[in-house]
Amino acid sequence: MEGSAIAMTDHASTQKIHGHCALCIARCGTIATVEGGRFTRLDPDPSHPTGQAICAKGRAAPELVYHPDRLTRPLRRTRPKGDSDPGWVPISWDEALDLTATAMQRIKAQYGARAVAFSMASASTTAIGDSAVFVQRLRNAFGTPNLYGSIDVCGWGRAFATQYTFGVGIVAIGGGQGAMADIANAGCLILWGYNPSFSRLTHATAIADALQRGMKLIVIDPRKVGLGAKADVWLRVRPGSDGALALGLANLMIRNGWYDRKFIQAWSNGPLLVRNDTGRLLSAHDLGQDSGDEGARRYFAWHETEARLVAYDAAAGHHEADASSLALEGEYRIATPQGEVICRPAFELYAALCRTYPPEAVEATCWIPPDQLEAAARLIWHARPVSYYAWSGHEQHANTTQTARAMSLLYALTGSFDGPGGNVLLPGVPTRPIVGNDLPGAKGMAPALGMSDRPLGLARWNFVGGRELYEAMLESKPYPVRGLIGFGANMLMSQADGIYGRKALASLDFYAHLDMFMTPTAALADVVLPVASAFEREALRVGFEISAEAQSLVQLRPAVVPPPGQARPDASIIFDLAGRLGFAAEFWNGDIDAAYRQQLEPSGVTLEQLRAHPEGVRVPLKTQHAKHAQADAAGFTRGFATPSRRVELYSETLLEHGYAPLPDFVDPTGAPGSLRDPKARFPLLLTCAKPTLFLQSQNRALASLRKRSMFPEVEMHPEAARERQISQGDWVSITTADGSVRACARFNETLDPRVVVGQHGWWQGCAELDAPGYDPFGPMGANYNLLIDPTVADPVSRTASYRANMCEIRAAGVS
Ligand SMILES: Nc1nc2c(c(=O)[nH]1)N[C@H]1C(S)=C(S)[C@@H](COP(=O)(O)OP(=O)(O)OC[C@H]3O[C@@H](n4cnc5c(=O)[nH]c(N)nc54)[C@H](O)[C@@H]3O)O[C@H]1N2
Ligand SMILES: Nc1nc2c(c(=O)[nH]1)N[C@H]1C(S)=C(S)[C@@H](COP(=O)(O)OP(=O)(O)OC[C@H]3O[C@@H](n4cnc5c(=O)[nH]c(N)nc54)[C@H](O)[C@@H]3O)O[C@H]1N2
Ligand code: SF4
Ligand SMILES: [Mo]
């Protein structure tokens, strides 16, 4: 078992325990109070880099810990799936883990390791981040490429799509680095479809401080919510049209010369010439100069004053002339052995695309008036350095890949990337990776589901999305998945089309699920394993993400109290299961401390030090900027981790796979015409947002939170409500072409009257308040995701259109 050093202070019966709240992405530094052995309260720890404040969910931690609905014993199903009574019987841990290991081995023997998928809750909304490295290691040891982690609905835009531009994400998921907004030094911050006041307290407090010192703020959100009220410019974008907005902003910036020309010349592929006929970068092959691999990576720009080609060697990241002489505009006729070809710099093509989004087009598409567009563009340029953070508002759309690309290109224009006050690749305390990418199982992995159809999508990073997982379970497409090991993920609530998902999960040969509560998803498992909450287990955290200072803290969070009943930490369950699967040696023979020691070794910090200092140990870090301009080990300029070693305004990678190399805007609603027709069957545009009091599909059973928000809500403009004889607080039905669910109307005057905003995640009841639960699968329930058509999806990531759906709202009971 894990050691759990509980720091003793004060007098004998009251303990104050340093740690952090791991319930959401903010990971606020905290001090827990334990009185007479009982966890009674959680407070912020101001000495911690993320400890300025905690939220109501954090304060409700003792309620979570002692909740009567917590799972406390391993359970086995005794009745068929689909039966209204699963016939759960308690079993021993030995029996539960033996059943699980045996089923995993049986399925592996019959169908291969890939037929056992893993699912994991998002680390932004749960404490699974405590154990994510071990989940990864287990799947690597076992050899399955199929890990579901909500990436298709959360993370794709920030962490992956932006890699096609910068070679790194705007956040790091599954290892690697992310370029975090340097809020403390930014001149201007753009919050794009991101409401940290509700969703990430630590960012909200950092922004409040920065506003005090005069930082400018641009908020892009259909609702005026959170920091929207404090923004210098609030752009009330039409849901789903952010890509067009990014192009429209870039158009103004390019037109006015409000862009960092030097950065674009030196550090983007903007100067590289693109052939008009093929859309490919002009290469040494085309010129008949070099037929080898190197020739394919030798491109050309145009020398503005000397009117000649300038070679660019992508392998070395080197131009044969000073970058400031490279043309960004114009059209050039280049002689090749096959005849003359006409070429234009990639930047010229990007600028031309942007010109198709003049202010009038942006107003028609995004519903943003020209003066506001201009004010935003002006601020972005004149208040540099700029940083940005974009989240769910742009990630839950059927056009999320190109939207994220369009935003990242706009950001490239500012030249602020990796500079002070920009999006900075922050340093981290050095650690040894222990996710096990070097294990034989990982090396021999089959391609993940989705690889053949969308090789640039999630599968490239060995993740799978919800729909493809369900299809593999139910239709063996492209190959069968017969088993699932679930670490929390409540997929049936968080993914579109839970009805199809329910069929898929019910069809499995074996499903084991680890959770604190019996969720609608867990209820379809064969074996349910009770897990300790974050306050009932020790966990190691290296770096707290939001700033260089926060990154420097290493903390071994102690357990505050023991888990209820027989519940166990995810990590200890994983180590135990790994042993039964024959991976004891790969899992340090069950010794979690040994794993931490290995991980910490390069940091110079020891477990003993961390146990002696539960508030954490700081390892001084130095932030270096503009790392792309440094030389790498071979003496080449490092550049960016893209095929061209430059920021890719123009993506040949996307082009090669049949996608647009420049991020043109595709309307995700599928039915934009009906927005102009109030008589249409579905005249309202439905999007959604997260509530401040609850995390995704959790917390509705916690009385202190639920009593402040009893029912699922849908925000609508009073005018839209009046037209439908709906009053504030009325129950209404929300109907799309795909389904119908219920919610309570809440008026919001800041909305465009054509836009309505729902909430997802409602299923749980709260007995203490006599507050109801909701049917996850029917029209009398409140599962927003029954309204979503999963087949309208992003062509790269397969993200469904969660935030731009045509709907109608009626008083409940009125059809
Ligand atoms: N319509 C709509 N749908 C959405 C979203 C939206 O905004 N709108 N948001 C999407 C996003 S951003 C995400 S990330 C997904 C989230 O989807 P999920 O990742 O499924 O997150 P939750 O719904 O919060 O469910 C998390 C589950 O994990 C359990 N859990 C909590 N901590 C632990 C732990 O330490 N160990 C284990 N084993 N279990 C734990 C909880 O009890 C809960 O059952 O939903 C997505 N779905
Ligand atoms: N309280 C709380 N905190 C959370 C979570 C939670 O469930 N509750 N979940 C955690 C997780 S997993 C995540 S991913 C983060 C997400 O954190 P956020 O991204 O802040 O979450 P949301 O509220 O879903 O979306 C942000 C904003 O997008 C706006 N929006 C809706 N549609 C559009 C659109 O088309 N374009 C634009 N530009 N904006 C749009 C919404 O009005 C909303 O204000 O929060 C994390 N923290
Ligand atoms: S914002 Fe709230 S739930 Fe999230 S880590 Fe901080 S205290 Fe915990
Ligand atoms: Mo998320």
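This is a predicted model: local features need pLDDT of at least 70, side-chain atom pairs count only at pLDDT 80 or more; totals for chains, interfaces and linings use all residues.
Local features here need pLDDT of at least 70, side-chain atom pairs count only at pLDDT 80 or more, and totals for chains, interfaces and linings use all residues. Residues are numbered from 1 along each chain as its sequence is written, and side-chain values use heavy atoms, with hydrogens and water left out.

**Around ligand 1**

Let's start with the ligand. Its shell holds 33 residues, the closest being Asn490, Asp515, Ser697, Gln698 and Asn785; a residue belongs if one of its heavy atoms lies within 4 Å. By class, 14 are nonpolar, 14 polar and five charged; Asp, Glu, Lys and Arg count as charged, Ala, Val, Leu, Ile, Met, Phe, Trp, Tyr, Cys and Pro as nonpolar, and the others, Gly among them, as polar. Domain 1 (75–154 + 430–618) and domain 3 (672–811) each supply at least three residues of this shell, with bounds from an automatic or database domain assignment.

Three side chains place an N or O atom within 3.5 Å of an N or O atom of the ligand, which is the cut-off for a polar contact:

| Side chain | Ligand 1 atom | Distance |
|---|---|---|
| Asn785 | nitrogen | 2.6 Å |
| Arg803 | oxygen | 2.8 Å |
| Arg537 | oxygen | 2.9 Å |

Taken alone, ligand 1 exposes 910 Å², and the protein buries 98% of that (Shrake-Rupley method, 1.4 Å probe).

**Helix α12**

Now for the helix, a DSSP run of H or I with at least four residues. Because eight of its ten residues (346–355) are buried, α12 is largely enclosed by the rest of the structure; buried means under 20% relative accessible area (1.4 Å probe, protein chains only). Among the buried residues are Phe347, Glu348 and Tyr350. Their cover, counted by heavy atoms within 4.5 Å, includes α9 (242–255), β17 (339–345) and α16 (400–414).

Methods: Chains are lettered from A and ligands numbered from 1 in the order in which they are written. A polar contact is a pair of N or O atoms within 3.5 Å; within protein, one must be able to donate a hydrogen and the other to accept it, and residues adjacent in sequence count only if both atoms are side-chain atoms. Buried means under 20% relative accessible area, exposed over 50%, partly exposed in between (1.4 Å probe, protein chains only). Helices (H or I, at least four residues) and strands (E, at least two) are DSSP runs, numbered from the N terminus.
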